[in-house]
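Subject: Structure handover

Hi,

Here is the structure I said I would pass on. Have a look at it first, and then read on for what turned up.

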Amino acid sequence: PLLLIAAGGTGGHMFPAQALAEAMIARGWRVKMSTDERGARYTGGFPTAVVVEQVASATFARGGVLAKAGVPVRIGKGVWSAYRAMRRDRPAVVVGFGGYPSIPALTAAGMLRLPRMIHEQNGVPGRGNRIFAPKVDKVACGIWPTDLPKGVAAIHTGNPVRQAVLDRAAAPYVAPDGPLSVLVIGGSQ
């Protein structure tokens, strides 16, 4: 079977998508990744078996008036491209991990009446996942509770973790020589 993963152009979306791709390939699935050119930069660590399909997308959150006016056209082009690709090679399921580049694939999958689900990594969903949460077959959440739209039921799954991180987590702890610095970072939500 074919799994199509759709995700946006940040590590917060792409790394859990990579973890799902790794797990499904290990189970014998074919995997395709639908993203824009920004998201494609994060696919270098994906298994080589994953086919990356770039689609046009855009966000209203960036750019000036002209850029924002072109957003519907770019998303429309992405939807049409994703639709044609899914007609040629029909996925068994489409899983969105958020970010505006997930919009074309999730929209095209809805047009084709394919099973769809989303995974939200944050406690507060981004715009893409907030829009699709009431429209997809399943919603999985990495953080619990997650502030989902009213009436949306979800499954708490945690956040998928890439094999490279799991491998490193199993390594023994080596105490540093000298002072220790700690860097704490956070995501968009």
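Predicted model: local features only at pLDDT ≥ 70, side-chain atom pairs only at ≥ 80, totals over all residues.

Leaving aside neighbours within four places in sequence, which residues is Leu20 in contact with? They are Leu3, Ile5, Val95, Phe97 and Pro160. Leu20 itself sits in helix H1, which covers residues 11–26.

**Salt bridges**

The count here is 4 salt bridges. One of them joins Arg30 to Asp89, with the closest N and O atoms 2.9 Å apart. Arg30 belongs to strand S2 (residues 30–35), while Asp89 is in the loop between helix H4 (71–88) and strand S4 (93–96), so this pair ties together parts that are 59 residues apart in sequence. Arg30 is partly exposed, at 43% relative accessible area.

Another one pairs Lys32 with Glu53, and there the closest N and O atoms are 3.2 Å apart. This too links distant parts of the chain: Lys32 is in strand S2 and Glu53 in strand S3 (residues 51–54), 21 residues apart. Is Lys32 buried or exposed? With a relative accessible area of 12%, Lys32 is buried, because the cut-off for buried is under 20%.

Then there is Arg130 with Asp147, whose side chains meet at 3.7 Å, N to O. Arg130 is in helix H6 (residues 127–132) and Asp147 in the loop between strand S6 (138–141) and strand S7 (155–156), so parts 17 residues apart in sequence are tied together by the pair. Arg130 has a relative accessible area of 29% and is partly exposed; Asp147, at 47%, also counts as partly exposed.

**Nonpolar cores**

The largest nonpolar core has 27 residues, and the members that touch the most others are Met86, Val94, Ala108, Leu114, Ile118, Phe132 and Val139. Two or more residues each come from strand S1 (2–6), H4, helix H5 (102–111) and S6. Which element gives the most to this core? That is H4, with 6 residues.

For a closer look, take Met86: not counting residues up to four places away in sequence, Met86 touches Leu4, Pro91, Val94, Ala105, Ala108, Ala109, Leu112 and Leu114. There is also a second, separate core of 15 residues, with Val31, Met33, Val93 and Val95 among them.

**Aromatic rings**

There are 2 aromatic pairs in the structure. In the pair of Phe15 and Tyr42, the ring centres are 6.1 Å apart and the planes stand at 80°, so the pair is edge-to-face. Phe15 is in helix H1 and Tyr42 in the loop between helix H2 (37–40) and S3, so the pair ties together parts that are 27 residues apart in sequence. Both partners are partly exposed: Phe15 at 31% relative accessibility, Tyr42 at 30%.

The other pair is Trp80 and Tyr83, with ring centres 5.9 Å apart and planes at 15°, so this one is stacked. Trp80 and Tyr83 are 3 residues apart in helix H4, which means about one helical turn separates them. Tyr83 counts as buried, at 19% relative accessibility.

Back to Phe15 for a moment: the charged end of Arg162 sits over the Phe15 ring, 3.9 Å from the ring centre.

**Ser57**

One more residue to look up is Ser57, which is placed in the loop between S3 and helix H3 (65–69). Ser57 counts as buried, at 4% relative accessibility. What lies 2.9 Å from a polar atom of the Ser57 side chain? The backbone oxygen of Tyr100 does. Leaving aside neighbours within four places in sequence, Ser57 is in contact with Arg74, Ile75, Tyr100, Pro101 and Pro104.

Over to you!

Definitions and conventions:
Residues numbered from 1 in each chain as written. Heavy atoms only, no water. Helix = DSSP H or I, 4+ residues; strand = E, 2+ residues; numbered from the N terminus. Buried < 20%, exposed > 50% of the residue type's maximum accessible area, 1.4 Å probe, protein only. Core = buried A, V, L, I, M, F, W, Y, C linked by side-chain atoms within 4.5 Å. Contact = heavy atoms within 4.5 Å. Phe/Tyr/Trp six-rings, centres within 6.5 Å; stacked < 30°, edge-to-face > 60°. Lys NZ or Arg CZ within 6 Å of the ring centre and 35° of its normal. Polar contact = N/O pair within 3.5 Å; in protein donor to acceptor, adjacent residues only side chain to side chain.
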